Amino acid sequence: MEKSRLAPVSSVPVSYMQAQHIRGVYERAAAGLDYSRQIIATCEVPGKCDIEAMNVALNAYLRRHDTYRSWFEYDGAGDIVRHTIADAADIEFEPNYHGEMDVDDARKHIVDIPSPLEWGCFTFGIVQSEDHFDFYASIDHVHGDAALIGITMLEAHGMYSSLTMTGRPMPLPDAGSFDDFCLQERESTSGLTVDSPEVRAWIEFAENCNGTLPEFPLPLGNPMEPTVADMVGEMLMDSEQTVRFESACTAAGVRFVGGLFACAAMVEHEFTGAATYYGLTPRDTRRTADNFTTQGWFTGLVPITVPIAAASFGEAAWAAQNSFDSGLSMARVPYYRVLELAPWLDKPPPNFPVSNFLHGGAAPLNAVIAATEMGYSNNIGIYSDGRFSYQLTIYIFRYGDGTAMSVMFPDNPIAQKSVGRYIAAMKSVCGRVADSGHW
């Protein structure tokens, strides 16, 4: 830990996504509020854990990815400063035995990690049962996006499996460098102006949303009251309905995602009467082979615009698909960079919604499924740290059993009721399309 505290200042800038996360952690803490910042993944492994092999595997994983050598300094004003450990070999995790814990103590232990303003905001562990053990990774978002779940399971646990089954480390391709991504992002965004096409598109989108990013269509309670997070979910469509829904999308000349955003637009129209839907969805900006094995936060946001008043399903789905496809390049232009160029716009409002569509055949969910299919992990679980941050997060998962929706939101009675209404409305609209091909 001493070497991490003495790590020199790095010339590598923080990425825009890292910066908004770090400022969010700092500002919410200063206001007496909490901030969701961890991605927690688990998997089940038969037998008794070989602690020595697991320790070798985890240290190899941590040293392999340069993001884990960094921590950040920020005091509420000015730039965020990155400190970086020069030699990856100086990272040395060691196993600590904690004995028996009840569920509450175990959960507290797993989420109780340092903030990104210290080194080491990540932890790993095993919970040994009689005939199997559960492996967990609890990692601050500053070091990765959703792809870290698959990367961690494929690499750390895959390495463990190789060591215990063959006695040899698992060969891996080069990891790539998140530092390189941060430098490239800063270089590409430094040349942007208010006249750059993607910047102009972001400005138009924000101005259509009252000078900021979109709000959730139903009330969610007072965002300045401290709260924990809750997550609820429900199947939107079973496997047969999902197939029929996709057929309706194909008939409209769009992909599944276009149909889903058309349904989200209709739901909002039914609740608010809005003539146009404005939404956001994350997009993984990894494009090179080494990036796909690089741990880091590569996700950007894509704005979605769908005229919905009096639109048929086919018309709305076509507009949604066109907006998604034409807006993909905007994921490489962070909204916070746009705020620097267009200071009359506002930061996102509390509880602004971001909708994630996760398909079993595409990143990042395919890496998670691959880890299971390759035998490296069983019963992979993905969990919240129980804190609520600034963003309301909507997940739609498409997999073999159908299509499911989950929403993470502030745990208060107003939000509970609103989110329940929202999921029910989305299920109703998707079901109508699956059954008839239209609203």
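Biologist: Why does N351 count as buried?

Modeller: This is a predicted model, and in it N351 has a relative accessibility of 9%. Buried means under 20%, so at 9% N351 counts as buried. You'll find N351 in the loop between α11 and β9.

Biologist: And what is the phi of N351 like, positive or negative?

Modeller: Positive, at about 65°, although N351 is not a glycine. Most residues other than glycine have a negative phi.

Biologist: N210 has a phi near 65° too. How do you know whether N210 is buried or exposed?

Modeller: Look at its relative accessible area, which is 70%. Exposed means over 50%, so N210 is exposed. N210 also sits in a loop, the one between α7 (197–207) and β6, and N210 isn't a glycine either.

Biologist: Which residues is R337 in contact with, leaving aside its neighbours within four places in sequence?

Modeller: Y16, T189, S190 and L192. Take Y16: R337 and Y16 are 321 residues apart along the chain, yet their C-alpha atoms are separated by 7.4 Å.

Biologist: On to the strands. How do you know that β9 and β11 pair?

Modeller: Count the bridges: eight join β9 to β11, and the two run parallel. Pairing takes at least two bridges, so with eight of them β9 and β11 pair. To see it residue by residue, find P353 opposite L392 in β11, and V354 opposite T393 in β11.

Biologist: What makes β9 "mostly covered"?

Modeller: β9 spans residues 352–359, and six of its eight residues are buried.

Biologist: And β11 with β12: in which sense do they pair, parallel or antiparallel?

Modeller: Antiparallel, over seven bridges. A hairpin of two residues joins β11 to β12, and Y399 stands opposite G402 in β12.

Biologist: What is M426 in contact with, apart from its neighbours within four places in sequence?

Modeller: Quite a list: L236, L260, C263, A264, V267, I396 and M405.

Biologist: Now the second largest pocket. How many residues line it, and which lie nearest its centre?

Modeller: It is lined by 48 residues, and H109, F124, G125, I126 and Y136 lie nearest the centre. About 1,700 Å³ of space lies in this pocket.

Biologist: Which strand gives the most to that lining?

Modeller: β4 does, with seven residues. Other elements supplying at least two include β1 (38–46), α3 (51–64) and β5 (132–140).

Biologist: By class, what is the lining of that pocket made of?

Modeller: The lining has 26 nonpolar, 12 polar and 10 charged residues.

Note on methods. Residues are numbered from 1 along each chain as its sequence is written. This is a predicted model: local features need pLDDT of at least 70, side-chain atom pairs count only at pLDDT 80 or more; totals for chains, interfaces and linings use all residues. Side-chain values use heavy atoms; hydrogens and water are left out. Contact means heavy atoms within 4.5 Å. On a 1 Å grid over the protein atoms alone, a cavity is a set of points where a 1.4 Å probe fits but cannot get out, and a pocket is an open set with protein on both sides within 12 Å along at least five of seven lines; lining residues have an atom within 4 Å of a point. Grid points are joined across faces, edges and corners, and a volume is the space filled by probe spheres set on the points. Helices (H or I, at least four residues) and strands (E, at least two) are DSSP runs, numbered from the N terminus. Ala, Val, Leu, Ile, Met, Phe, Trp, Tyr, Cys and Pro count as nonpolar, Asp, Glu, Lys and Arg as charged, and the others, Gly among them, as polar. Buried means under 20% relative accessible area, exposed over 50%, partly exposed in between (1.4 Å probe, protein chains only).
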